[in-house]
Amino acid sequence: MDFNLTDIQQDFLKLAHDFGEKKLAPTITERDHKGIYDKDLIDELLSLGITGAYFEEKYGGSGDDGGDVLSYILAVEELAKYDAGVAITLSATVSLCANPIWQFGTEAQKEKFLVPLVEGTKLGAFGLTEPNAGTDASGQQTVAVKNDDGTYTLNGSKIFITNGGAADIYIIFAMTDKSKGNHGITASSSKTACLASLSVRKKTRWASILRRPWNSYSRTSKFRLKTCSAKKAKASRSL
Ligand SMILES: Cc1cc2nc3c(=O)[nH]c(=O)nc-3n(C[C@H](O)[C@H](O)[C@H](O)COP(=O)(O)OP(=O)(O)OC[C@H]3O[C@@H](n4cnc5c(N)ncnc54)[C@H](O)[C@@H]3O)c2cc1C
């Protein structure tokens, strides 16, 4: 078995290394001490193509050219050597937001949500954790109630959400059937899995962003979903 990195894996590693040397290292101390979230820096990072390392070309990625998950991992690991917060900003966008859409979304959802995440023009987030639901995700209290027109109304609170408040595209987990315990969480097991209703654009109707702590090691937010409206949607498959 050949354990050497392929050319494209080495390219991704070098891309991340050069970005770390030139863009992250010179400013990490100041950003850390002053708690600066540098949006221009994040935008530049997203434009490098790392977000698309393993997705197919039809979604804007390099997967058909030999890019793979290891290429992505190598790049994230390299970035984290310079700035763990910036690395998690990228990995939340790819692993937590783009990847579930890729795995479970319909083609229409992929076109709408996955492509901009892969191309690095949008930032993603994943809202699972709540004040009373961390490790035990079945303690979810956010609810998604289906309306007569097929849309859902979400109510609840989320905490520790990486890129929360900054992201353009969110996957939000919510209880659709409390009587089923963790099987009643829409994102985990029902047929309308992951994306059903729950890829909510930030601008739809966030009632209030309660707190926006900033720090250069990652930006996490606490927010409340208050009568947040989400469209009816399907998943291509369930877990
Ligand atoms: C920087 C950062 C970024 C984050 N980003 C996101 C994000 O983007 N989206 C999101 O949804 N969440 C995010 N989180 C939240 C993270 O996923 C939770 O912190 C995690 O799930 C743990 O939940 P908790 O903090 O409530 O700890 P708890 O669940 O209260 O756990 C506390 C401790 O108890 C232990 N423990 C818990 N249950 C058991 C058990 N049954 N047996 C043995 N030990 C147990 C745990 O291992 C842990 O050590 C982020 C957190 C941080 C710190």
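Two residues are taken to be in contact if their C-beta atoms, placed from the backbone, lie within 7 Å. Helices (H or I, at least four residues) and strands (E, at least two) are DSSP runs, numbered from the N terminus. The structure is a predicted model, in which local features need pLDDT of at least 70 and side-chain atom pairs count only at pLDDT 80 or more, while totals for chains, interfaces and linings use all residues. Residues are numbered from 1 along each chain as its sequence is written.

The protein has six helices and seven strands, and from the N terminus on they follow the order α-α-α-α-α-α-β-β-β-β-β-β-β. Of its 239 residues, 46% count as buried, a term that applies when 20 or more other C-beta atoms lie within 10 Å of a residue's own, with exposed meaning 12 or fewer and partly exposed anything in between. Among contacts between residues at least 6 apart in sequence, 68% join residues at least 24 apart.

Helix α4 can be read in the same manner. Its 14 residues should span 20 Å at 1.5 Å a residue, and its end C-alpha atoms are 21 Å apart, which agrees. Buried in α4 are Ser-71, Tyr-72, Leu-74, Ala-75, Val-76, Glu-78, Leu-79 and Tyr-82, and these pack against α1, α2 (28-34) and α5. Glu-77 is also found in α4, but counts as partly exposed because it has 13 C-beta neighbours inside 10 Å. Glu-77 and Ala-16 are 61 residues apart in sequence, yet 8.7 Å apart in space, C-alpha to C-alpha.

At least three core residues are drawn from each of domain 1 (7-121) and domain 2 (125-230), with bounds from an automatic or database domain assignment. Leaving aside neighbours within four places in sequence, Cys-97 is in contact with Ala-92, Leu-117, Gly-124, Ala-125, Phe-126, Ile-169 and Ile-171.

Around the ligand there are 13 residues, of which Leu-128, Thr-129, Gly-134, Thr-135 and Thr-162 come nearest; a residue belongs here if its C-beta atom, placed from the backbone, lies within 6 Å of the molecule. Elements giving two or more residues to this shell are α5, β1 and β3, and β3 gives the most, with three residues. The shell divides into six nonpolar, seven polar and no charged residues, where Ala, Val, Leu, Ile, Met, Phe, Trp, Tyr, Cys and Pro count as nonpolar, Asp, Glu, Lys and Arg as charged, and the others, Gly among them, as polar.

Strand β3 also holds Phe-160, whose phi is near 60°, a positive value in a residue other than glycine. Most residues other than glycine have a negative phi. Phe-160 counts as partly exposed, with 16 C-beta neighbours inside 10 Å.

Key
The expected span of a helix is 1.5 Å times one less than its number of residues.
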